[in-house]
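Dear colleague,

I am handing over the structure shown here.

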Amino acid sequence: MYVAVKGGEEAIANAHKLLAEKRRGDRSVPELEISQIKEQLGLSVDRVMTEGSLYDRELAAIAIKQAQGDLVEAIFLLRAYRTTLPRFGFSEPIETATMEIQRRISSSFKDIPGGQVLGPTYDYTHRLIDFALRVPENGNPGTCREEVSDEAIQNDMPRVADLLAAEGLLDDEAANDKNRSVADLTRDPLELPAGREMRLQNLARGDEGFILSLAYSLLRGFGSSGHPFLGEIRFGEVTVEFVPQELGFPIDVGGIPVTECIMFNRFMGSGETPPRFIKGYGLTFGHCERKAMAMALVDYALRSGELGEKFEYPAQDEEFVLFHSDNVQASGFVEHLKLPHYVDFQADLVLMRNCLAEFKNDSRNNKGIEDEEAI
Amino acid sequence: MKKQFNRQSETGGGRSSVMEGYNFAYLDEQTKRMIRRTILKAVAIPGYQVPFGSREMPLPYGWGTGGIQITASLIGSEDILKVIDQGADDTTNAVSIRRFFSRTAGALTTTRTREATIIQTRHRIPETHLTKDQIIVYQVPIPEPLRFIEPRAKEVCRMHALKEYGIMFVKLYEDISRHGRIAKAFDYPVLVNDRYVMSPSPIPKFDNPKMDRMPALQLFGAGREKRIYAVPPYTKVKSLDFEDYPFEVERWPHCCALCGSGNSYLDEIIMDDRGSKMFICSDTNHCNERVARGHKGNQEEPVEKAQISIGTGARKCA
Amino acid sequence: MVFPIDLNRLTPGFSDPVQGSRQTFRAILDAMAHPGRIVATDNNVLSPPRPLNLASVAVCLTLLDFETTLWTDLKPNAKGNGWLRFHCGCSIVQDPSEAVFALITRSDTMPALNKFKPGNDESPEFSTTLIIQTGRLRSTDGKRLTGPGIETFSTLKAQGLTKRFWQDRQSQSAMFPLGVDIIFTCENRLAALPRTSSVEG
């Protein structure tokens, strides 16, 4: 006797129990504290906040813990929570020129006003596993605050791009009207052609791996006309300001760390557009350098159309990039194949069985004809 | 005095909330208004996919987020909700979605098609005829019927605008010339109200005829693709075909092994590794109700070798 | 010019905004899915300023917000406009062709239908939804409606509509899928005439 095996509420509840157990792991090992994730897995937190489009270290850390460190899952958790939040309004644009710099380098000039500030970076670490980290405390350095003085870093460092722009050598899109309303990717459907603001929002939320690979493809010649230059990458804290309707002037609501990257791309001019460098722009919450750089490269590639350059490669294709960059959408749809599809499959089975039967029938007949001809 | 002035945009609905900390039916009121405006336009333009600001839901994209957002914008205390996946009320995703609405909207739920005021479905239309004043909400993965012929959104947008569906017919005709038939067994495209070509969602084409002049309102939600579309009651829905190759649905030579139904869509169950199979109704409610009324199938005798064919002959069942 | 709203004399909106707008939406959807069907809004709004009727304000409270624009045939400084601006948060526009919604309290002097947005070929949904207040609304001896949402035919009599209105409506039919969608209101009841309906008689 056949009994349909189908998952009920109980099966789901049990799966959730198993998951909780798996998440906790061996109970003889102390449970992770949210503060430990916030403090010691900071780059994970930064990525989850960036792609989750929500600046909240505490929530991001909880999401990482809940997702057992699966960052795409954690991003999803943060996004789903974000949807339910009421919206008070929009902040003023942040001013990265007055960033409290922790790191800032330009590879386009040997020296720049304010200097090159290496800051916390993996760049020149030798990638050797540090076995000292195996034992807590042993791996922890003493504070380095005495050695690296904050005093040495000046705050108002002009952006390298602004210096170049003053010379008329850089596109001046930044001079756009500040009062113009900006579309919001999380509220409006994405329509094509998308404005640059929509593209940048999309890239900022986009999967780091996807954006990185696209940027890589550009550097390998799949779409890039020339070698891009890193104008500047800077990381540090900026002030967020908000204008409450009842006050009518901006108030400071706090500071957030961001990573900003500006790439210079040579543009030889076309028609009325003079030759100059064109900016590619990347911005993330926290410290996500790889993402910010990749984003800046892809941003420029997506401007090919409006610059009148020919575009033929994936990273230049607005529709291809924007519709496939989001890992919450992508993983949802790829993983939906786990849902039952037996009704559709049955429909296909019926069709395929008929096709196969006819195929066999036809080849039998054809074989008969050939046999006759052979005689 | 001040308290009675509730400006709309400030009402998150916390008071009516069933699940603490969340809005009634999960979505905030502003989002619901946006979705409701979209639904009304969808009803006014049958078969046309209206873009909407789809929100991130706590369920993954591709798992019914579009349908859920529509249902969340409809559901209330007078509603009775039925959720099915593959025709069954007890598949995991259906259970999960039903639970979502019980928790967030305190919704009454049912498995009985007749009783439901809103039916959210994935991949099936119930066998029981839907009646006027019922609403069926389809979960749609890819709303664009032309997507696999022309993936570019801008291009297909133009085709819909100009009612230029030549490539669709070319594709279907290529199928006929290569395979002797239209090689589309589910998500079989339809023409709505003689104007828009529409994806019926991945329902088997067996269900397509049920859409034509259905007395219930049909709403379609694609969350990831951010589209809502609709077919109002009693609207003409025609499966695309050719005069010499008319549209046909799947038929089975056998009946449901549990209830003996001879005109329902069947699931194929593999019984062992020697090829014996059994066929049972995909619509669990239809099947259960028939069994309750005393109908019986022949479940002791599994079908030895599947013989399934397209044809018009009726099955002789109990 | 934005006119100040007299908060001291403002009557309240829905007593339960979540359920009030949900119930009203279901009534509108029912009407829109069944052109000509007269549906009562189970109304818990109270006393809107004249000349707005109960169904009109319920529809506005349900569908309008800061993302939508509204055109009305009221005087710019009319109490009704202030009421709608306050409760819906919508902005009121002077030009009907910029309006997502339009509220018409006097159908005899209303602008021609082609003054409103008909949508465009690629986005026919970008069209105005008109809310027209009528003196009487009944489903006997009126216009004969056919089309999607209607099993055979339905009849709708909306008092106060001019001959020109129906001529305008007739010429819009040829533009389908473009065209405006209309909600007629009377007291707490409403009926819809989407662009899909053919009108005779």
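Predicted model: local features only at pLDDT ≥ 70, side-chain atom pairs only at ≥ 80, totals over all residues.

Residues are numbered from 1 along each chain as its sequence is written, chains are lettered from A and ligands numbered from 1 in the order in which they are written, and side-chain values use heavy atoms, with hydrogens and water left out.

Interfaces of chain B

Between chain B and chain A, 68 residues of chain B are in contact with 48 residues of chain A, contact meaning heavy atoms within 4.5 Å. The two chains bury about 4,900 Å² between them, 59% of it on carbon and sulfur atoms; buried area is the accessible area (1.4 Å probe) that two parts lose on being put together, summed over both. On the side of chain B, Glu56(B), Trp63(B) and Arg181(B) lose the most area to chain A, together 13% of what that side buries. There are 5 salt bridges between chain B and chain A, a salt bridge being a side-chain nitrogen of Lys or Arg within 4 Å of a carboxyl oxygen of Asp or Glu. The side chains of Glu268(B) and Arg353(A) form a salt bridge at 2.8 Å, N to O.

Towards chain C, 49 residues of chain B are in contact with 53 residues of chain C. Chain B and chain C bury about 4,300 Å² between them, with 58% of it on carbon and sulfur atoms. The count of salt bridges here is 8. Lys41(B) and Asp181(C) meet through their side chains in a salt bridge (2.9 Å, N to O).

Nonpolar cores

A nonpolar core is a set of buried Ala, Val, Leu, Ile, Met, Phe, Trp, Tyr and Cys residues joined through side-chain atoms within 4.5 Å, where buried means under 20% relative accessible area (1.4 Å probe, protein chains only). The largest such core has 122 residues, and Leu74(B) and Leu29(C) are among those with the most contacts inside it. Helix α1 (residues 17–33) of chain C gives the largest share of this core, 8 residues; helices are DSSP runs of H or I, at least four residues, and strands runs of E, at least two, numbered from the N terminus. Leu74(B) touches residues including Leu219(B), Phe25(C) and Leu29(C), not counting residues up to four places away in sequence.

A sheet in chain A

An open sheet of 4 strands in chain A has the order β1-β2-β3-β4, with antiparallel pairing; two strands pair if DSSP finds at least two bridges between them. β1 (100–105) and β4 (276–285) of chain A each have a single partner strand, so one side of each is left without a neighbour in the sheet.

With kind regards

Note on methods
Buried < 20%, exposed > 50% of the residue type's maximum accessible area, 1.4 Å probe, protein only.
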